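Please walk through this structure one part at a time, with the sequence and the 3D view side by side.

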Amino acid sequence: MENEKMKKSLWAIMKPVNLHINSAILLAAFSGITSVIALTFLAFVVSLTVNTNTTFLGITMDFDTAFIYLAVISFISFFSRKYAFIISHFGAFKLEEILRTNLSKHLAKVPLGFITTTGTGKLKKVLLDDIKNLHAFVADTTPMIGRSISTPIASLILMLIIDYRLAFASIVVLILGVIIMSYVMKDSQVYRQAYENSQSNINKAVVEFVQAMPIVRTFDDGTSSFKRYNESLENYKTNLKNWINETGVAAKFAMAILSPMPTILAVSGIGAYFVLNGSLDLVSFLAVLLIATGMSDALMPLMWMSNFVKKSQAAAYRIADISNEEELYYSNKVKELNSFDIEFKNVGFKYENRDSNALENINFEVKQGTKSAIIGSSGAGKSTIAKLIPRFWDVSFGEILIDNQNIKDIDSKTLMNSVAFVFQDTYLFHDTIKNNIKLANEKATDEQVIQACKAAQIHEFIMTLPNGYDTLVGDKGSRLSGGQKQRVTIARAILRDAQIIVLDEATSYADAQSEEKLIKALANLMKNKTVIIIAHRLSTIKDADQILLFEKGRLLAKGTHEELLKNSFDYIDLYTSYEKAYNWDIDNKGNHNDK
Amino acid sequence: MTNKRFSSLYEVYKLSVEIAGEYNVGFKRSLLLFFISFVTLGLAFAMFFPLLKAIFSSQADINEIIYWFSFMAFFSLISIVTKWFGHNFDYSGYIVEITNELRVKLGKKLRSMPLHTLSKYKTGELNSILSSNVDESILHMGVVSALFMQITVVPIVVVLFTFFIDYKLALIMLIILPFAIPLYIMKRKVSIEEKKDFNDANSNLESQLIEYIQGLPVLRSVNQVGKNAKQLDLAVKKVRTIQEEGASKSTLPLLIMGSLVEIVLLVLVFLGGMWVEEGSLALITLAALLVVVSRLTEPLTLFLGVIPVFDTMDSAFNRIKTVLDIKSLKTFEPKQKAKSFDIEFENVFYSYDKDETYSLKNISFNIKQNSLTAIVGHSGCGKTTITKMLMRYDDVSKGSVKIGGVNIKNMTQKELMKDISVVFQDVYLFDDTVLNNIKMAKPKATKDEIIKACKLANCHDFIQNLPNSYDTNIGDLGGNLSGGEKQRISIARAILKDAPIVILDEPTASLDTKSELAVQKAIDSLVKNRTVIVIAHRLSTITHADNILVMKEAEITQQGKHKEILISSELYKNMWEAQTRTKAWNS
């Protein structure tokens with residue numbers, strides 16, 4: 001079943017360049033046929049040097065004419081091969097472009113959650129490596145297929161026409177070889193499976209060994225981790241050896257029998273006999289000698305090819321997997337929002353590949369201009385809630401409303417203009433600081449950008465950089481500290497001036513001196529907006545107009561700090577641990593009694 | 001990445017032998033066998049001359065025919081048999097042994113190279129070196145070398161033999177066939193040159209793509225996908241354009257080479273035909289020659305297919321060699337162990353990349369056994385680097401690091417790491433049970449010891465609540481452990497290890513608040529009665545430290561107790577005050 005799906009994916013994906021592929025295959029096939037014809041004709045031409053009356057297959061010619069014909073056929077063969085090659089390559093280039101463009105456009109429309117769950121690593125692999133793999137398939141394998149199929153067939157047919165007896169001689173050799181080979185290869189499927197399994201295991205073992213090394217070496221010199229690694233290697237070695245032992249004989253035998261000499265010996269021996277008894281002339285003998293190995297020569301490449309085909313099928317499958325992901329549906333009904341009240345109505349959510357609900361029966365309201373803090377232990381569903389608002393995913397049950405409209409009905413531009421989100425993973429592009437911030441509003445003036453940065457408490461720092469606002473950010477903003485990156489992202493959000501802010505306050509204390517600035521920046525960001533914030537700081541929680549306490553995907557309690565202190569044990573519990581944690585210090589003399 | 005000019009054949013041969021390690025004898029032997037195989041193949045082909053002559057002579061003598069036929073069969077048999085045994089190199093497990101050994105060697109190198117060098121490699125790079133590069137470079141060794149032999153040895157034998165038959169024909173072949181060599185070199189040169197353009201366009205595309213994918217959330221939130229998508233489109237199109245230009249250029253030499261044999265055949269027919277007509281050449285000789293030459297097409301076609309494989313082999317070899325050539329950390333004589341756990345840094349200087357600026361300048365401090373030392377300062381000032389020097393991430397450029405009076409250079413890595421426990425921010429968990437993950441800190445630990453450590457680390461409870469308790473497989477949890485839970489496992493490991501020195505690297509950063517308290521309790525257990533070094537951001541957590549090192553731009557500006565440095569260090573005072581203000585808002 002898997003294999004069927006894979007096969008379909010491969011040809012479906014190559015559809016856009018069907019014309020190229022088919023032309024390349026046909027041209028390559030034609031080239032194969034003409035080169036077989038050329039070889040046959042060669043024999044004819046040679047014998048004409050001595051006896052211009054030679055007839056071959058009913059044709060008579062003089063040497064010069066025949067030679068010209070030969071040259072022409074050879075050139076035709078050469079050029080069709082060249083063009084087959086060029087066409088297949090151009091097809092491959094085109095396919096690469098089409099696939100990459102389509103996939104990236106597609107990625108712009110699928111739920112953001114899909115992208116974060118799939119992971120950039122995997123996406124990158126598909127868009128770069130898997131597509132490259134298909135390139136190789138279209139460019140190199142397709143013309144090979146054409147030629148490797150037409151050449152043996154053409155050789156066979158011509159041999160039968162020229163002298164069927166010799167044709168049979170070479171077929172017998174071939175068949176003998178194939179029979180013995182398939183007998184010897186009987187059990188290889190089982191071993192191949194074991195081999196492929198241990199292949200992926202070895203990759204896993206390597207990955208684990210390599211990734212863990214820096215950590216492992218802080219424990220010992222890596223002895224136990226190395227032991228596991230070694231064991232996987234041994235396992236792999238044994239499986240591989242078994243496979244090779246089993247298939248090695250068949251492979252060597254195939255190479256032996258399919259090498260030219262057995263066929264040539266058979267044809268020469270039997271041909272000599274027929275020449276002696278007068279039933280075979282030089283031209284025919286020569287012709288057959290030249291093309292007899294056409295069949296056996298083609299078999300090896302065909303065998304290699306099946307390997308390529310398998311790999312490409314797997315790549316195509318992965319590509320299809322991504323392009324089959326459904327795009328988010330935007331209805332474009334609502335193009336304007338008049339108020340920014342948010343309401344969660346009976347919301348439930350389940351991740352695609354997990355069994356249990358991440359969120360269940362969530363009901364709450366956030367009135368415009370107020371601040372709601374989401375708290376709870378990790379895994380409680382806090383960031384999931386936050387991400388549902390900008391439609392990272394769509395809810396599984398219930399609805400999310402803004403201005404009493406279901407967010408699914410809101411035009412995407414309007415929604416994105418109304419909701420700004422600031423999450424932990426702050427991504428900065430390889431561009432100037434100014435442009436990174438201006439992403440939020442292309443039309444912003446420099447003055448507006450500076451204002452936003454001042455509010456985000458990052459302006460001073462930017463002015464200390466070599467080129468100020470025109471300084472290039474290192475890849476992924478690597479030259480800024482955690483706190484500084486966050487403030488740049490906050491500046492973006494401030495510049496964006498969306499009415500709803502969804503914010504994850506995490507990474508506290510990553511950067512001590514930034515802490516104070518960060519708090520000021522956040523305060524500026526949240527001024528007069530409707531805010532949903534995943535809170536970590538005591539101040540944020542206490543100040544909130546509403547606190548939403550989550551636990552294991554359910555909303556346990558909601559209210560203000562004072563209300564909850566009175567009504568909710570869970571809240572009291574949580575809040576007390578916040579406080580204790582806040583007041584802790586490191587003590588290695590055992591002076592702490594249980595606080 | 002080295003983009004040096006492609007290695008010559010001989011260099012590749014030498015590399016192959018080196019990589020074959022102790023099996024290089026088998027490798028050389030198989031090369032010899034292939035050599036014999038192709039010489040005899042050439043001779044078998046050569047038998048066509050006398051054989052065809054015998055068959056078509058006016059007084060055909062059966063015995064003579066059988067005589068030459070037997071020779072041809074005999075040479076063929078030897079050729080096939082020696083080739084069979086030559087392939088034993090790839091098909092009887094040698095290759096497997098070599099790849100295995102190579103992986104073991106590389107694995108050992110990973111264990112012994114300075115951690116600093118290790119961290120310079122991206123994980124993906126190392127992965128591909130140990131898995132796919134090893135396979136790419138080795139698996140085809142046998143087949144590739146056979147092919148090279150075939151296309152060099154066979155034509156040479158054929159040409160030599162032809163000289164004895166008719167020197168004119170041999171000369172023709174001698175003139176045309178060697179065209180393959182400059183064509184081959186030209187093709188590789190062209191492909192490598194255009195490769196540069198292509199590589200540039202390709203890596204541009206790669207980085208555009210990565211930026212696009214990683215930045216999608218941001219781009220979508222600001223409705224800017226279109227513009228970035230446009231940039232991406234441009235990069236994609238550029239790659240296509242370069243490919244198309246390159247294709248037209250490089251196909252010609254490739255195809256001419258592939259048709260070289262056919263060209264030779266045409267020339268031979270033309271000239272040979274002329275000579276036959278004027279009587280200076282026997283028809284049957286020409287016929288035999290044509291048959292022999294046509295046999296050369298097959299290896300040539302295969303060879304063309306092999307060139308890219310060869311290139312891959314070449315670069316894979318080089319990457320592997322680079323890793324194997326890395327100098328390991330050396331333990332200097334006399335080998336010693338630390339008996340007490342004072343730590344001393346004396347005038348330490350360190351620069352990461354030997355010619356750049358110093359990341360540590362004149363660092364000197366003393367840590368008494370069982371004391372608590374904190375290192376504070378802005379990001380990038382060198383705090384983590386100090387701890388790295390203690391772990392011998394790399395050797396100091398100047399000065400010395402001593403534990404209990406013993407220079408760490410005189411300690412084996414094993415001894416050194418036995419004395420130190422580290423709690424990083426990133427916790428690496430591997431695909432095994434929770435128990436084994438913790439056990440890695442002390443492989444001989446009993447389950448009771450492990451449970452005790454987990455209780456102290458405050459993670460025993462949540463582990464018990466996992467589906468299979470301690471035997472739950474980490475992979476099955478699907479990454480569902482919180483930062484705090486992972487941190488506590490990391491602390492359990494450190495507790496289990498029971499090392500006298502503990503290094504905590506920003507232990508309470510990025511924690512979810514509920515487990516923060518739990519983690520703090522765990523840390524309390526861990527640091528009790530040990531020598532502790534803490535890299536701290538929250539100054540309030542280290543006010544009781546016995547010594548605080550204030551760092552700025554690779555140097556220690558002040559050290560002392562909290563109260564002392566509040567006065568003596570402007571920097572510390574500012575940091576403390578900023579944090580106090582923040583704290584005030586929170587109460």
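This is a predicted model: local features need pLDDT of at least 70, side-chain atom pairs count only at pLDDT 80 or more; totals for chains, interfaces and linings use all residues.

The expected span of a helix is 1.5 Å times one less than its number of residues.

Residues of H4(B) that are buried include B:Ile65, B:Met72, B:Phe75 and B:Ser76. Further along H4(B), B:Ser79, B:Thr82, B:Lys83 and B:Gly86 are buried too. In an α-helix, residues three or four places apart point the same way, because there are 3.6 residues a turn. What do the buried residues of H4(B) pack against? Their partners come from both chains: helix H9 (260–276) of chain A, and helix H2 (24–46), H3 and helix H5 (88–91) of chain B.

On the chain A side, A:Leu282, A:Phe285 and A:Leu289 make the contact, meeting B:Phe48, B:Leu52, B:Ile55 and B:Phe56 in H3(B). By class, this contact of H10(A) with H3(B) has 7 nonpolar residues, with no polar and no charged ones.

A second pairing lies within chain B. The axes of helix H10 (residues 167–176) and helix H13 (residues 260–278) of chain B come within 10 Å, crossing at roughly 150 degrees. H10(B) is therefore roughly antiparallel to H13(B). The crossing of H10(B) and H13(B) is right-handed. From H10(B), the residues in contact are B:Lys168, B:Leu169, B:Ile172, B:Met173 and B:Ile176; in H13(B) they meet B:Leu260, B:Val264, B:Val267, B:Leu268, B:Leu271 and B:Trp275. The contact of H10(B) with H13(B) divides into 10 nonpolar residues, no polar and 1 charged.

Helix H21 (483–497) of chain B gives another check on length. Its 15 residues should span 21 Å, and the end C-alpha atoms of H21(B) are 21 Å apart, which agrees. Of those 15 residues, 13 are buried, so H21(B) is largely enclosed by the rest of the structure. Just after H21(B), B:Asp498 takes a positive phi of about 60 degrees. B:Asp498 sits in the loop that runs from H21(B) to strand E7 (501–505) of chain B.

Most residues other than glycine have a negative phi, and most peptide bonds are trans. B:Arg392 also has a positive phi, near 60 degrees. Its loop lies between helix H16 (383–390) and strand E4 (398–403) of chain B. Is B:Arg392 buried or exposed? B:Arg392 is buried, with a relative accessible area of 1%. The peptide bond from B:Glu333 to B:Pro334 is cis, with omega near -5 degrees, and B:Pro334 belongs to the loop between helix H15 (297–324) and strand E1 (343–350) of chain B.

The last stop is B:Ser371, in the loop between strand E2 (360–367) and strand E3 (372–377) of chain B. B:Ser371 counts as buried, at 9% relative accessibility. Leaving out residues up to four places away in sequence, B:Ser371 touches A:Asn588 and A:Lys589 of chain A, and B:Arg530, B:Thr531, B:Val532 and B:Asp546 of chain B.

Technical notes
Residues are numbered from 1 along each chain as its sequence is written. Chains are lettered from A and ligands numbered from 1 in the order in which they are written. Side-chain values use heavy atoms; hydrogens and water are left out. Contact means heavy atoms within 4.5 Å. Helices (H or I, at least four residues) and strands (E, at least two) are DSSP runs, numbered from the N terminus. Ala, Val, Leu, Ile, Met, Phe, Trp, Tyr, Cys and Pro count as nonpolar, Asp, Glu, Lys and Arg as charged, and the others, Gly among them, as polar. Buried means under 20% relative accessible area, exposed over 50%, partly exposed in between (1.4 Å probe, protein chains only). Axes are lines fitted to C-alpha atoms, for helices over the stretch in contact, and angles run from 0 to 180 degrees between N-to-C directions. Angles under 35 degrees count as roughly parallel, over 145 as roughly antiparallel, 65 to 115 as roughly perpendicular and the rest as oblique. A crossing is left-handed if the near helix is turned anticlockwise from the far one by less than a right angle, and right-handed if clockwise.
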